[in-house]
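Welcome, and thanks for having your viewer ready. Please load the model shown here and keep your selection tool at hand.

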Amino acid sequence: MTSPLSPHLASTAPLVQDLERAVDLILERVPGDIVMAIPLGLGKPNPLVNALYRRVSHLPERRLKIFTALSLEKPVGKSELEQQFLGPLVERVFADYPDLDYVKDHRAQALPPNIEVHEFFLKTGDYLGNPLAQQGFVCTNYSFVVRDMMSHGVNLILQAVACRGDEADAGGRQLSLSCNPDLSLDLIERLAAQGRKPLTVLMINRQLPFMTGPAVVPAGLADLLVETPATSHQLFAPPNAAIGWADYAIGLHAASLVKDGGTLQIGIGSLGDAIAQALIVRQTRPAAFRQMLAGLALEGIATRELAPFEQGLYGCSEMFVNGLLQLIRAGIVKRRVFQDEALQTLALEGALSETPSVGTLLALQTLGALPLPLDAPALRHWQSQGLLSETLTLEAARTLPTELGSSETLQAWSAVLGTSWRQTALLHGGFFLGPRDFYQTLRELDEPLREQIAMTRIGYINELYGDALGSERLKRLQRRDARFMNTTMKMTLLGAAGSDALESGQVVSGVGGQYNFVAMGHALPDARSILMLRATHDNHHGLTSSIVWNYGNVTIPRHLRDIVITEYGVADLRGRTDTEVVQALIRIADSRFQDELVREAQAHGKLAADWQLPDAWRCNRPEALRELLRPWRNEGLLPDFPFGTDLTEDELKIVRALKKLKHASTHPVELVGLVLRSLQGLPEVPEAYLERLGLDQAHSFKQLFLKRLFAANL
């Protein structure tokens with residue numbers, strides 16, 4: 001798949017090798033107020049953004065509006081112990097990654113008066129109680145972001161790009177949008193259609209993996225190209241999170257809903273990793289997978305998908321995460337899709353050979369997709385798909401026979417066939433983010449596999465409608481048996497989901513693409529939208545149910561209810577009556593809250609007054625779940641970190657102890673028990689652990705107390 005902006009090998013934009021000089025040129029070329037768009041997540045050109053931010057902050061006559069999302073910042077820790085622990089880890093993992101200056105000021109509510117920051121997706125939970133961030137938040141679907149940025153008058157685009165070579169090389173300098181082709185090209189093209197030309201500045205970071213296909217950008221895209229020693233810095237690399245019991249249970253349920261030959265979206269974090277590992281277990285240990293599900297599924301497993309994958313899956317995910325890469329490496333994500341409707345149709349029918357063949361020619365002609373003789377556009381198209389050799393000229397093509405019935409005519413055509421299919425993909429992704437080894441693997445991919453991972457525009461992935469890269473019919477053909485998996489925070493008993501904000505309106509994260517995929521799950525006849533959540537939430541307010549009667553913020557309305565998964569099971573809500581929906585959700589709620597949920601539903605007339613909760617549904621407790629899964633964890637099929645971790649074994653032990661301490665600090669009864677335990681005989685703590693936490697020379701009462709509490713939890 002190629003971009004409508006035809007890529008060239010070399011960039012003709014001026015190369016600026018000094019950040020301050022680049023800022024000078026930006027200020028010269030964008031007079032007046034600057035309305036700047038920068039990518040979400042990894043694609044921000046941090047050194048350049050910082051240089052511009054600092055300069056404008058000292059120019060009160062200039063104004064700067066920043067539009068972006070998911071502004072990342074190295075972890076620092078909230079408590080003294082967390083800060084002591086994180087210091088060496090952050091230095092090792094994040095190295096020279098430069099934090100964004102505007103993030104620190106935004107978090108401290110100390111932005112300069114002439115600078116505004118507007119995000120459409122916040123780092124989860126980081127800006128709760130921050131009036132500046134909450135008031136400047138833009139609530140929008142991912143696929144509407146370009147439209148909404150345009151309404152604010154964007155006139156400057158900054159982005160980090162990957163690079164191969166330089167102008168002195170024979171092939172010239174090649175540029176790729178790498179981790180973030182999601183919005184930039186659409187923004188530039190749609191502004192151009194209105195006669196508006198934003199200044200586009202690309203900063204080279206040679207640490208970014210070079211992604212080919214749609215991510216490669218043409219020579220004329222950049223107005224300025226910036227590269228200095230400081231621009232090729234370490235990438236932001238969040239370490240893998242440990243997978244808990246609840247996440248593994250949810251992942252196993254989710255993996256049993258994925259059809260062979262289908263389409264998959266999953267997200268980042270422990271839950272996405274749990275789904276990926278569960279799919280790998282299904283592939284490599286199907287008998288064990290079946291046994292796990294038999295213990296977890298109250299309703300039985302007769303309707304679940306349990307067999308290993310033969311055809312494999314196609315990944316269509318706005319975020320390309322490490323879990324999807326692991327599924328590619330495991331041979332599960334292997335179903336390739338084509339950028340031609342006729343080829344995709346043949347592929348779905350099992351009628352397409354591994355490489356172009358005369359049989360394909362006959363099949364295409366039967367479909368009416370190969371009218372002969374070829375004209376120039378048709379020749380270019382079939383060459384771009386790999387069907388015909390790139391060396392075939394239009395003049396030679398016109399001499400080929402137009403009837404394919406005889407062995408002689410087929411032999412003539414076989415001589416001009418291509419050697420392999422082109423523009424195929426195992427996965428389409430809009431942006432990526434992951435741990436360090438994820439980036440390293442992407443850097444080291446062999447070229448045939450790299451070409452199968454198509455980083456592309458979010459409009460192509462998140463919408464069914466036809467766009468510059470593909471028709472609606474093509475997308476429907478590609479996305480067969482899709483399972484779009486997303487997480488939510490709260491689910492009401494009538495099937496509405498609250499995923500982005502609290503009842504108060506305080507934004508936790510953002511809608512992102514969740515609504516897009518839920519809607520697509522209903523628009524495709526064989527697709528399903530799957531919303532996943534842990535059955536309970538535990539914080540300083542205490543333990544609460546994630547399934548509630550009502551919730552003051554709705555991300556997904558109840559008329560779009562479909563499949564919901566908690567660690568206690570699967571609720572299929574599509575087409576059900578309100579009473580059936582209520583019962584299905586109570587069935588997968590934590591048993592400590594089920595009776596209250598029943599009373600609420602009865603009080604509001606959605607359950608019969610005499611309805612009783614079946615005894616078989618009353619076993620949904622975390623201790624029962626642990627006992628079901630413990631044998632498989634002990635066997636190594638459900639490890640804490642199936643895809644590795646940046647933490648050492650000693651660091652993991654310290655983290656576990658600190659988590660227990662943190663949890664106890666907001667739960668008085670638990671804290672009292674911990675204190676009592678600390679007054680008894682304590683295990684010996686390795687001196688290195690105490691040094692890491694700054695407790696080796698503890699003298700004050702507070703430090704001595706923390707030292708004992710830490711030892712009691714180790």
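This tour goes from the cores to a helix and then to a sheet. Keep in mind along the way that the model is predicted.

**Stop one: the cores.** Begin by selecting Met36, Leu48, Leu158, Phe320, Phe432 and Phe710, the residues with the most contacts inside the largest nonpolar core, which has 167 residues. Next, colour helix H9, residues 270–284: this helix gives the core its largest share, eight residues. Now centre on methionine 36 and show its surroundings. Leaving aside residues up to four places away in sequence, Met36 touches Val49, Leu52, Leu64, Lys65, Ile66, Phe67, Leu156 and Leu158. Then move to a second, separate core of 28 residues, where Val581, Val582, Ile588 and Trp617 are among the members.

**Stop two: helix H22.** Select residues 578–587 to bring up H22, a mostly covered helix with seven of its ten residues buried. Which residues of H22 are buried? Pick out Asp578, Val581, Val582, Gln583, Ala584, Leu585 and Ile586.

Zoom in on S14 and S15, which run antiparallel and are joined by two bridges. Finish on lysine 490, whose bridge partner in S15 is glycine 498.

Terms used:
Residues are numbered from 1 along each chain as its sequence is written. This is a predicted model: local features need pLDDT of at least 70, side-chain atom pairs count only at pLDDT 80 or more; totals for chains, interfaces and linings use all residues. Side-chain values use heavy atoms; hydrogens and water are left out. A nonpolar core is a set of buried Ala, Val, Leu, Ile, Met, Phe, Trp, Tyr and Cys residues joined through side-chain atoms within 4.5 Å. Buried means under 20% relative accessible area, exposed over 50%, partly exposed in between (1.4 Å probe, protein chains only). Helices (H or I, at least four residues) and strands (E, at least two) are DSSP runs, numbered from the N terminus. Contact means heavy atoms within 4.5 Å. Two strands pair if DSSP finds at least two bridges between them.
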